[in-house]
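Hello,

Here is the structure I promised to pass on to you. Please open it beside this email and follow along as you read.

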Amino acid sequence: MPPPPLFPPVALNSLLVPGVAERWAAVQEHLHPILVGVTEEVRRHAAAQFPQSWPLYELSFKAQRYLNRGHGVRDPIEDYWVAFDRAPRGAGVLIAVSGAERAILVGLQLWRVRKDALASLWGGARPVWLPLITQIEQHGTTRFTSRHPDEHAPSGPFWIDRYLATRNANYLWAGFVYPWDDLPADLATRLVADVLALLPLNEALMEQAEHDDRSGPALLREVRPNYQTASPPIEVIAERIRQRGFHLADLLLRSYHLALQTKPLVILPGISGTGKTRLTRLYADALHGIPPGRENPFYLLVAVQPDWHSARDLLGYYNALTGTFHASAFTRFLLQADSDPHQTYYVCLDEMNLARPEYFLAPILSAMETLESQIDIGTPSAETPLVGGGTITNPLRLPINLRLIGTVNVDESTFALSDKLLDRANLIELTEVDLAAFRAQYQGTIDPAVWATMTELQPLSAAGGHPFGYRTISEMLRFVEQAAGTLSPTAALDLQIKQKVLPRLRGEDSPRLRRAITGLLNLTLGLEVRQKASHISAAQLAAAPYPESAAKLQRMLERLDQDGFTDFY
């Protein structure tokens, strides 16, 4: 009698159960225990095969219980996975069960930040990796994304050559796929063997990344400027920010100013393009009197990455093989702030909810609530050598003069903020777009007819739950300016509405979405639509002031009528 399958139908079908909560519960009951068993086998074999490097690795299971489509729309998860990776990350090995593909996948995933490291490995040690690359080429599958997916794909003997030769290629997945309807009897053995085959390549990528990281304690400022014992009045700060052409309501700026003096953590949620990140830099410049174009030694921008899931990713990590600590830019900045207590230092955690903030900020959040304000950096001794020279003590102290500001977007690519995080922060929402203030400070030329349309366009899009901010407005106006001599201002704006505004509109049929699409169709068609979208004639579209956008909106409204859902594509 054959042994039972590793993944019985009830486990696989848990990814097809309808309902967000129902699917997650089914996955946790039927699928998660199987992946835990596979993970334990990987752990046992990897510890024996890679005794030096395996202790550096961390295991993480998928934690997001739903797909966040934005604006309150949530769908059930389509896959469930376990990842094996280590700091400094940017690549890792993944075992995934996919309901969308009806397959089990095991592979190496790599983000663009590690593309140069992969090129160095392949260029400098091709014979070492050729067997694995060939095995994936002949028996596996590879996928990679590009900002321009329609461009001609470069040719090459192997998938790695094609990926590296595609200039705009970003995320890479390379590994093996096992369809649900053709799972081998020895699947458990194969999954473990596949992970063990891919781990050396991931480890080599991490070692290459560590080698390429030349930043170290030498970057710390050795000569301190004169101490600033008090910040300028808020009126002075506001005027300095206004002189830089930034648009923000006075009440919001005063609220931000007071929040930074009350709590060390401020969160700025809001629509993309309203200037959340820019505000953090301009405020720090204004407070310290830094002129435009000059580096601000009191400000650090940290781009949060989606694969961050522990404090190591923010603070740095201890390498047990070398006995040294790899300090991150954040930790070096923290040490700088600690050595300069009379100055206020600002860190912007840009797009902080691309990963779960409670995970990578855990020791920081704890330090905020204790009198000692101590941060455990995970070293085995009180004093540890730093990569590049110097030493670091454990625990670190969270400087009282350090301010953390996190910018937050709310869409399908981000995580919701937990109560634990919100309890320790002031949250200031940036959603308002002041068109009058924007035009008053805009330096370029604006066609009056174009601006009149923009003032109608932005509120219509916002009313539909898909607003756009100053960044989009600026880019649309620059496009119209650049079109002089090539297109009329109206034709250029027509293309920009189609390219920059309409792709945001998506969702299930609702009065709000329908009103927004209908209002935009009326605007671009130049007349009020009183019949079904399918009844709009070709002559009406041809006579429209914005025919490209009107035609696209007609199709979107038709789909909404027919399917109860619409999007740009």
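**Helix pairs**

Let's begin with helix α17 (residues 470–482) and helix α18 (residues 489–501), whose axes come within 9 Å and cross at roughly 145°. The axes here are lines fitted to C-alpha atoms, for helices over the stretch in contact, and angles run from 0 to 180 degrees between N-to-C directions. Helices (H or I, at least four residues) and strands (E, at least two) are DSSP runs, numbered from the N terminus.

Before we go on, please keep in mind that this is a predicted model, where local features need pLDDT of at least 70, side-chain atom pairs count only at pLDDT 80 or more, and totals for chains, interfaces and linings use all residues. Residues are numbered from 1 along each chain as its sequence is written, and side-chain values use heavy atoms, with hydrogens and water left out.

The crossing of α17 and α18 is right-handed. A crossing is called left-handed if the near helix is turned anticlockwise from the far one by less than a right angle, and right-handed if clockwise. On the α17 side, Thr472, Glu475, Met476, Phe479 and Val480 meet Pro489, Ala492, Leu493, Leu495, Gln496, Ile497, Gln499, Lys500 and Val501 of α18. Contact means heavy atoms within 4.5 Å. By class, this contact of α17 with α18 has nine nonpolar, three polar and two charged residues. In this scheme Ala, Val, Leu, Ile, Met, Phe, Trp, Tyr, Cys and Pro count as nonpolar, Asp, Glu, Lys and Arg as charged, and the others, Gly among them, as polar.

Next, look at helix α19 (residues 511–525) and helix α21 (residues 547–563), which pack at an angle of about 150° with their axes 9 Å apart. The pair α19 and α21 is therefore roughly antiparallel; angles under 35 degrees count as roughly parallel, over 145 as roughly antiparallel, 65 to 115 as roughly perpendicular and the rest as oblique. The crossing of α19 past α21 is left-handed. From α19, the residues making the contact are Leu513, Arg514, Ile517, Thr518, Leu520, Leu521, Thr524 and Leu525, and from α21 they are Ser549, Ala550, Leu553, Gln554, Leu557, Leu560 and Asp561. Sorted by class, the residues of this contact of α19 with α21 are nine nonpolar, four polar and two charged.

The crossing of α2 and α6 is right-handed. Val38, Glu41, Val42, His45, Ala46 and Gln49 of α2 make the contact with Leu191, Val192, Val195, Leu196 and Leu199 of α6. Eight of the residues in the contact of α2 with α6 are nonpolar, two are polar and one is charged.

**Two buried residues**

Isoleucine 95 sits in strand β5 (residues 91–98). Is isoleucine 95 buried or exposed? With 0% relative accessibility, isoleucine 95 counts as buried; buried means under 20% relative accessible area, exposed over 50%, and partly exposed in between (1.4 Å probe, protein chains only). Leaving aside its neighbours within four places in sequence, isoleucine 95 is in contact with Leu35, Val38, Tyr80, Trp81, Val82, Phe84, Leu105, Val106 and Val195. One of these, leucine 105, is ten residues from isoleucine 95 in sequence and 5.7 Å away in space, C-alpha to C-alpha.

Asparagine 202, in helix α6, also counts as buried, at 0% relative accessibility. Beyond its neighbours within four places in sequence, asparagine 202 is in contact with Tyr57, Ala91, Gly92, Val93 and Leu108.

**Backbone details**

Most residues other than glycine have a negative phi, and most peptide bonds are trans. Here are some spots to look at with that in mind.

- A cis peptide bond joins alanine 87 and proline 88, with omega about 10°; proline 88 is in the loop between β4 (79–85) and β5.
- Asparagine 394 and proline 395 are also joined by a cis peptide bond, with omega about 5°.
- Arginine 102, in the loop between β5 and β6 (103–110), has a positive phi near 50° and counts as partly exposed at 47% relative accessibility.
- Serine 373 has a positive phi too, near 55°, but is buried, with a relative accessible area of 17%.

Happy exploring!
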